[in-house]
Amino acid sequence: MKLRLGTRGSRLALVQSELFARRLRDEGHEVEVVRIVTEGDVRPVDMSPGEGVFVAAIAQQLIAGEIEIAVHSAKDIPLDEDPALEIAAYPERADPRDALVTPSGGQSLDSLPGGATVGMDSPRRSGFVRAARPDLRVVPLHGNVETRLRRLDEREVDALVLATAGIERLGRGERIDQRLDPALVAPAPAQGALAVQARRSDIDLLRLLRSYDLPSVRLAVETEREVLKATGGTCRAPVGALASIDGDSFTLLVAGVNSDGTGKWVEHIAGACSDASRLAAAAGRRLLAEVALR
């Protein structure tokens, strides 16, 4: 089967897409990786990205038949997916935690000096870091992983908080000072997971792609996204969720905070996998009742 696989053109997106393309090629399929410029790629470097800006242009080309497959970071996918498309596979998930990175290494969130500047790119990270260390100065710092690491090394900030998965997939895991406890800085729902998307009408292709789907990763991602959906939030909301699947049971951390660090709320729930969606949605509603999420 000859397949065109659409992806963003950033180095991380290409690395992630090549991980999946290589698996298809190993099965004898011809895969062409197609770079697509998204709205998120052309925004000013320090403009906060909006909902779906890294996904919409790729999804449009998928619907138009310009590509057959799209590979996304699962956390970027809007909750309202196009009915013409389907997430056919959630393959292996990388470490979902956030990480602290400093120029010299060897630091932790606790050991950073008072007043240190910490660059990050989301209200979620800002809120949880401020809740843990109100004395730190949070600096909005956007751009791809390599751009943020360069700006850190140029001393624009004293530290960064960003996704562990992105650093490791780029082969820069040695830069990580501390993998942050999810109860301290709760990961974004679906962080670290990849989503492989195709048209619902491509029955044969969907059958192929579903063979790469890991049910435990799918359940974890969908459970975490149920929390976000229940709060009425977007991928930019200061909401964190992390599910773990063990046989027929699951555990779920649900957390929220205001972006100024106030009102932090954390809940741990557990139950049967068959109840995961219902229990996650209920936890999301409790979160919304407890935290303003501004």
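This is a predicted model: local features need pLDDT of at least 70, side-chain atom pairs count only at pLDDT 80 or more; totals for chains, interfaces and linings use all residues.
Let me begin with Arg 155, which counts as exposed because its relative accessibility is 56%; exposed means over 50% relative accessible area, buried under 20%, and partly exposed in between, with a 1.4 Å probe and protein chains only. Arg 155 is not a glycine, yet it has a positive phi of about 70 degrees. It sits in the loop between helix H5 (145-153) and strand S8 (159-163); helices (H or I, at least four residues) and strands (E, at least two) are DSSP runs, numbered from the N terminus.

Residues are numbered from 1 along each chain as its sequence is written, and side-chain values use heavy atoms, with hydrogens and water left out.

A second residue deserves mention. Ala 190 also is not a glycine and has a positive phi, of about 75 degrees. Its loop runs between strand S9 (178-179) and strand S10 (194-199). Is Ala 190 buried or exposed? Ala 190 is buried, at a relative accessible area of 0%. Most residues other than glycine have a negative phi.

I turn now to the whole chain. The protein chain holds 9 helices and 13 strands. Buried residues account for 55% of its 294 residues. Along the principal axes, its C-alpha trace spans about 55 × 45 × 30 Å. Finally, of the contacts (heavy atoms within 4.5 Å) between residues at least 6 apart in sequence, 69% join residues at least 24 apart.
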